[in-house]
Amino acid sequence: MRILHTADWHFGRTLEGRSRLEEQTAFMDELVQIVQDQGIDLVLIAGDIYDSVNPPAAAEQLFYEGIARLADGGKRQVAIISGNHDHPDRLAASGPLAAKQGITIIGLPVPDIQSIGIARTGELARLIALPYPSESRLKELLSDVAEEEVLRSKYSERVGALIRKQAASFEAGTVNLIMSHLYVLGGHETESERPIQVGGAYTVDTNALTAGAQYVALGHLHRPQNVKAASPIRYCGSPIAYSFSEAGQAKSVTVLDLAPGQAAEPKEIFLTSGRPLVSWKAKEGIGQVHQWLDEQRDANAWIDLEVTMTEAMSIEQIQSLRKAYEGFIHIRPIYPEMEAVRAVVSRADLSMEEHFTRFYSRQTGGAQPEPELVRLFLELLQEKDLADAAGE
């Protein structure tokens, strides 16, 4: 059978208030074309369909119309699980209706393995479908000890137990798969994945996922990547870039052919539908920015702009840039005083983020700050630098 693995659509997400709906619609059109061109039998969607538990109506409409097109009236099988951003009950509410079109939607962890027949090949897929397994969604307290290492161990043990129980239904004559939405130790994060755990407690050791599956399809991390493990484990990544930490990443979906007992060889099919996110550093001032705009540099991109200034940047100059190109997300003036601070930090070989992380760790007895807290600190620091520079 021919399988396509995708995840982390985040329908409804914006970029600093800019709608991404047009890009998300283009992705869905591209995905439908891919499954048709590639002759896909089974589509695995590994969570985070939406960006919030209460998505806008346009996002829900895009999702429901999209999966109906993917299933094509039951000609193609589609399996979907909820991620940490999805409301599990809301996502699964349409499950009975969707099932009539060959679409399986699972919102909360269930004890039973999914059996999916593929008419074209006559093969049977056995799928362990594990939606985002938080303590609340597992409906149990993992440990009464709050220490991170204890919680991490208990969490891995619980996830591993769930998977091993269902893996008993794997057979030599079936295509054996695992799909989940979680953070596996060894995965590489970007800033756009809002954390699913307190500290590192909700992380899973790869041993918990090595239960005889031919392929483990994961969601949550937005960078496409394989995870080193005894069994093939892969994050397919998000279909479009959702933060500037993903600038330069090639977005893709994963396709593989599997027969019973066959080793998985996942391949990427690269996507073209999302607008790229790029960073501009105009060392020569605003004139250089206008020159790049005249050259139509990165004409379809969302842009994070840093422009070196010797005088305070006026509101009129900012408005002029935004009028010249609607794709500017951030416009940050950089003054000589700020460059001097950066140089000192560079000579110390530590970023401001690393300084803050070390300070936080010392103050809390070894804890690591959440990514959102680090971003807030950096934003406040930047605002102070701009205010100081403007005052001078």
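A residue is called buried when its relative accessible area is under 20%, exposed when it is over 50%, and partly exposed in between, with a 1.4 Å probe and only protein chains considered. The model is predicted, so that local features need pLDDT of at least 70 and side-chain atom pairs count only at pLDDT 80 or more, while totals for chains, interfaces and linings use all residues. Residues are numbered from 1 along each chain as its sequence is written, and side-chain values use heavy atoms, with hydrogens and water left out.

**Exercise 1.** State what share of the 392 residues in the protein chain is buried, and describe the secondary structure.

Solution. Under the cut-off above, 51% of the 392 residues are buried. The chain's secondary structure comprises 11 helices and 19 strands, where helices (H or I, at least four residues) and strands (E, at least two) are DSSP runs numbered from the N terminus.

**Exercise 2.** Work out the strand order of the open sheet of 3 strands, and its edge strands.

Solution. The order is E17-E18-E19, with parallel pairing; two strands pair if DSSP finds at least two bridges between them. Strand E17 (277–282) and strand E19 (328–334) are the edge strands, since each pairs on one side only. From one strand to the next, the twist averages 10°. E17 and E18 run parallel and are joined by 6 bridges, and Trp 280 stands opposite Leu 305 in E18. H8 packs on this sheet, where it touches E18 and E19, and its direction makes about 145° with that of E19.

**Exercise 3.** Locate Glu 16 and Asp 298 in their loops, and classify each by accessibility.

Solution. Glu 16 lies in the loop between strand E2 (14–15) and strand E3 (18–19), and its relative accessibility of 53% makes it exposed. Asp 298 is found in the loop between helix H7 (286–294) and strand E18 (302–308), and its 32% makes it partly exposed.

How values were computed. Axes are lines fitted to C-alpha atoms, for helices over the stretch in contact, and angles run from 0 to 180 degrees between N-to-C directions. Contact means heavy atoms within 4.5 Å.
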